[in-house]
Amino acid sequence: MKTEVRRLALATGVFFVILIVYLTYIQAIAGERLYLNPLNPRLYLVEQQTERGTIYDRAGRVLAQTVGNQGRFQRQYPYGPAAAQVVGYVSERFGSSGLEASRDGDLLGLTGWQHLVNKGRRLLGQAARGSNLYLTLDADLQRLATSLLAGRRGAVVALDPRTGAVLVLASSPTFDPNRLEEEWQRINSPGAGSPLLNRAIQGLYPPGSIMKLVTATAALETDPGILQRDFYCPGYLEIQGWKLTCPRPHGHLNFQQAMMYSCNVTFATLALEAGADKFKETAALYGFDKPLKFDLPVEESRVPGRLDTSALAESSIGQGAVLATPLQMAMVTAAIANKGILMQPYLVDKVTAAGGRLLWEAVPRPLRLVTGVKVAADIKEAMVATVNGGTATAASLAGIQVAAKTGSAQNPGGEAHAWLVAFAPAEEPRIAVAVVVENAGAGGVVAAPIAREILAAALRR
């Protein structure tokens, strides 16, 4: 009998220890995350009693603010459609999106010591006040990028390659968050083009020939001697009975000319020589097949898990099953501009209390070393040549040397997607840009002028 009592007491004790540990975890570790979950109905009550924080761009221009309206708080978005997918919206009927959702805790003053401060304000009968977000985004460049896309499906991303700060994160088509409820049905109609989708970070596209920057990195890391080699392009490369084609026979050409004229045969040959493992390893260093910690949810760019000879050749020119977001390709470009160092991209620069006191500030940090200075410089020189006399001449700027690479990505959905990635000034890069326009054809014709205008506007500041 005593043995059974001891067993019962032991089992009861173990149960209570497990219960205490679990409740401690819920309260101390997971409590804030669970409390801020958008599905928590208590958040709606907090929303009605809180003056939500303001969202500013890098120059202090207001992107989102709260105003009083007949005793209730109402959200306003001065830049409307231009920043809609980034800033997002807050709606009693449709919830929240963008930074309004991902940084809800800050904007409602529910994180850290601000939570206690606002509890005190409520006890005193005062409205709670959320914290303010200051972004790295340039609202004028964001508006320019949106207007240049002109309602076509596509995206523009611009980064400061030295820090990883996001300057532009534009997606088209877009919507006006100030008129969300009255336009909800139209926004979600089949012919609207999915304006709620942030194509800059959630759109996955075959990257086409801009993927040759990754292939070039893998090839130069494997054999720097390819810079002195002579290649020959008859217009196709036969691989196990299958032909990979070029737009035209390029004849004899060197590495730089292969980049200038975007020779598929040369880059497929280089990928096959470097091997599938080296290609996948290099892509992973740039960020493919890795989750990215960012201020908004980002789709993971990917390279096929298994690469046989034909799949490797296709992947090396950005076709087949390779898929990338515009943010991913901007990161590839920024790493080359930054001498092989990939910086962690970030969108929120700092958080301040309602009274202006600094609560948190971002610190630029390297994500990883992708390649050496020499390899990055060799690729940059080839990109410069591409602007000066290759497929990216439409991206050139008077008095400023631009480095760029074009892409025209074939896809099952119709005409090729038009891509261009670029950075400038080539000598001391201050901005890296990726542009994609869906089903628009040649990147050098459609995407290049958009990138050129973004570069020009940014460098005038």
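In the predicted model, the side chains of Glu100 and Arg52 form a salt bridge, with N and O 2.7 Å apart. Glu100 belongs to helix H5 (residues 98-102), whereas Arg52 sits in the loop between strand E1 (50-51) and strand E2 (55-56). The pair therefore ties together parts that lie 48 residues apart in sequence. Both partners fall under the 20% limit for burial. Glu100 has a relative accessible area of 0% and is buried. Arg52 is buried as well, at 3% relative accessibility.

A second salt bridge joins Glu438 and Arg199, at 2.8 Å from N to O. This pair links distant parts of the chain, 239 residues apart. Glu438 is in the loop between strand E21 (431-437) and helix H18 (443-459). Arg199 is in helix H10 (residues 199-202). Glu438 counts as buried, with a relative accessible area of 17%. Arg199 is buried too, at 4%. Shared partners also build a network of salt bridges, made up of Arg52, Arg75, Glu100 and Asp104.

In total, 17 salt bridges are counted.

The protein as a whole contains 18 helices and 21 strands. Of its 461 residues, 53% count as buried. Among contacts with a separation of 6 or more, 66% are between residues 24 or more positions apart.

Helix packing was examined next. Two packed helices are described by the angle between their axes and the distance between the axes. Helix H11 (residues 212-222) and helix H14 (residues 276-286) have axes that come within 9 Å. These axes cross at roughly 120°. H11 and H14 are therefore oblique to each other. Their crossing is right-handed. On the H11 side, the contact is made by Leu213, Val214, Thr215, Thr217, Ala218, Glu221 and Thr222. H14 contributes Lys278, Phe279, Thr282, Ala283 and Tyr286. By class, the contact of H11 with H14 holds 6 nonpolar, 4 polar and 2 charged residues.

H11 also packs against helix H17 (residues 373-389), with the axes coming within 10 Å. Here the crossing angle is roughly 135°. H11 and H17 are therefore oblique to each other. The crossing of H11 and H17 is right-handed. Leu213, Ala216, Thr217, Leu220 and Glu221 in H11 meet Val375, Asp378, Ile379 and Met383 in H17. This contact comprises 6 nonpolar, 1 polar and 2 charged residues.

Ser315 is placed in helix H15 (residues 309-316). With 1% relative accessibility, Ser315 counts as buried. Leaving out residues up to four places away in sequence, Ser315 touches Met211, Phe279, Pro304, Leu307 and Val322.

Ser396 lies in the loop between H17 and strand E19 (403-411). Ser396 is partly exposed, with a relative accessible area of 37%. Beyond its neighbours within four places in sequence, Ser396 is in contact with Val387 and Arg452. Ser396 and Thr386 are 10 residues apart along the chain, and their C-alpha atoms are separated by 9.8 Å.

Methods
Residues numbered from 1 in each chain as written. Predicted model: local features only at pLDDT ≥ 70, side-chain atom pairs only at ≥ 80, totals over all residues. Heavy atoms only, no water. Helix = DSSP H or I, 4+ residues; strand = E, 2+ residues; numbered from the N terminus. Buried < 20%, exposed > 50% of the residue type's maximum accessible area, 1.4 Å probe, protein only. Contact = heavy atoms within 4.5 Å. Salt bridge = Lys/Arg side-chain N within 4 Å of Asp/Glu carboxyl O. Axes fitted to C-alpha atoms, helices over the stretch in contact; angles between N-to-C directions. Parallel < 35°, antiparallel > 145°, perpendicular 65-115°, else oblique. Left-handed = near helix turned anticlockwise from the far one by under 90°. Nonpolar A, V, L, I, M, F, W, Y, C, P; charged D, E, K, R; others polar.
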